[in-house]
Amino acid sequence: MAQTIKLEVVTPERPVFSAEVAEVQFPTASCGYYGILPGHTPVMTEVGDGLLYYIQEGQKHWLTVFGGFAEVGPERVMVLARESETMDMIDLERAESSRQRALKLLKEAQTEHDMAIAQAKLDASLIRLQAAGHPAGHGF
Amino acid sequence: MASLQDIRRRIRSVKNTQQVTKAMKMISAVKLRKSQERLVALRPYASKMAEVVRRVVVRIKGDAEIQPGPAAQAFLSPREEKRIRLVFVASDKGLCGGFNANVAKAATAFVAHCPSEIVHLDVVGKRAVEWAKKQKLTPTKEYLNIPLPGLQRVVTEISASASAQYHDGEIDALYVVYNYFNSPVAQTPTVLRVFPMELDPSFEGKEAGQVSHLLEPDPNAVLETLLPRFVETELLRNLLESSASEHGARMAAMDKASNNAGEMIAKLTLTMNKIRQAGITNQIIEIVSGANA
């Protein structure tokens, strides 16, 4: 059995990540977090919004993922994300200002639809902040 | 014969035009590069998406226990095509050679020979709206002046509503007419059926030996979410192809126009010099004959 598993993350804009890793965990839309080790049963599922982590050479790294689709095989994990960023792609200032904007929108929201949009924006900015401000090796 | 003054004026105007076409060519080259970059970046995603869809379909086909839901039908057993939705993609601006004319011709032929009824028509670009008007079709929705980053929003909108319409039985198929990007100087007007999708028959059975995938939370839910995603990716690819084609076509057209202008200036300059020369010769003859007399 292989000791590593190939993780590929692609978005419509660019291929984000591709390398051999020891372990992956990603959020799904309906079944919580999936932790994947080499030799996992093949699974296909929808990806939710949140943080994906992978362990490479004993180090934990984070990626943000927003929606999409994942295909898990015994030797590889392919994540087709709607959006995804590595930690150095995240603009902290922009995420913070978008959090402030989302909070303001949430307060001013009249309809349920507005509220849902504002909440989604807030969640997205929080995920980015969490990823960027995350001390490595710390669980969430 | 035109006077010297007239020819000078014409040369000046042609020179101005040449400047404009040269500038437009350069702008198109930059825009083409941007569109092409996005298209190239999308390709790995699109091909992987198609791979995943194929795998799910093969998996569901091979398992008699799974009852295919309405979304699965879009991939597995297409309904008879009675009502279809059409997306017509052209450009907002002209001055791009045969780009709009060719794709409009393809669309007209498609509409004329299409046995099913077009119940929903989306048009992208001002020229597409004009085409619809000429054909006496009423577009359900018009998308005008969409910048490159705005394409994502357009495709999300179209694919979400198209999937819902398929689900509710309002449409049986989704077609797109657009310009396929062969190279910066060659485009092919293309009619594409996005769904029900045609599966490559050679693919079936190829993966039978492999362990089949678990589909979480259940096969139909997976297909339900996969269908709009797949349609989205396909549409985005088509729109980007069209955008890259448009800029490529404009670049080629403007290059030709600049060259033509250059030729015209050379010709006019020649005529101008001839006339000037003739004038001088005439004057000399007059002076000489005056002195002789």
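**Chain A, secondary structure.** I looked up the elements of chain A in this predicted model and found two helices and seven strands. Along the sequence I read the order as β-β-β-β-β-β-β-α-α. I then checked the radius of gyration of chain A, which is 16 Å; the globule rule gives 14 Å for 140 residues, so I record the chain as being as compact as a globular protein of that length.

**Chain A, extent and contacts.** I took the box filled by the C-alpha atoms along the principal axes, and noted roughly 55 × 30 × 30 Å. Of the 140 residues in chain A, 29% are buried. I also looked at contacts between residues at least 6 apart in sequence, and 51% of these in chain A join residues at least 24 apart.

**Glu71(A).** I located Glu71(A) in strand β6 of chain A, which covers residues 59-72. I class Glu71(A) as buried because it has 20 C-beta neighbours inside 10 Å, and 20 is the cut-off. Apart from neighbours within four places in sequence, I list Met44(A), Met78(A) and Val52(B) as contacts of Glu71(A). I also took the C-alpha separation between Glu71(A) and Leu122(A): 28 Å, for residues 51 apart along the chain.

**Nonpolar core.** I examined the largest nonpolar core, which has 84 residues; Val79(A), Val56(B), Phe88(B) and Val89(B) touch the most other members. Helix α6 of chain B, residues 219-292, supplies the largest share of this core, with 16 residues. For Phe88(B), setting aside neighbours within four places in sequence, I recorded contacts with Ala107(B), Leu121(B), Val123(B), Val124(B), Ala128(B), Trp131(B) and Val177(B).

How values were computed:
Residues numbered from 1 in each chain as written. Chains lettered and ligands numbered in written order. Predicted model: local features only at pLDDT ≥ 70, side-chain atom pairs only at ≥ 80, totals over all residues. Core = buried A, V, L, I, M, F, W, Y, C linked by C-beta atoms within 7 Å. Buried ≥ 20, exposed ≤ 12 C-beta atoms within 10 Å, placed from the backbone. Helix = DSSP H or I, 4+ residues; strand = E, 2+ residues; numbered from the N terminus. Contact = placed C-beta atoms within 7 Å. Rg over C-alpha atoms; globule rule 2.2 N^0.38 Å.
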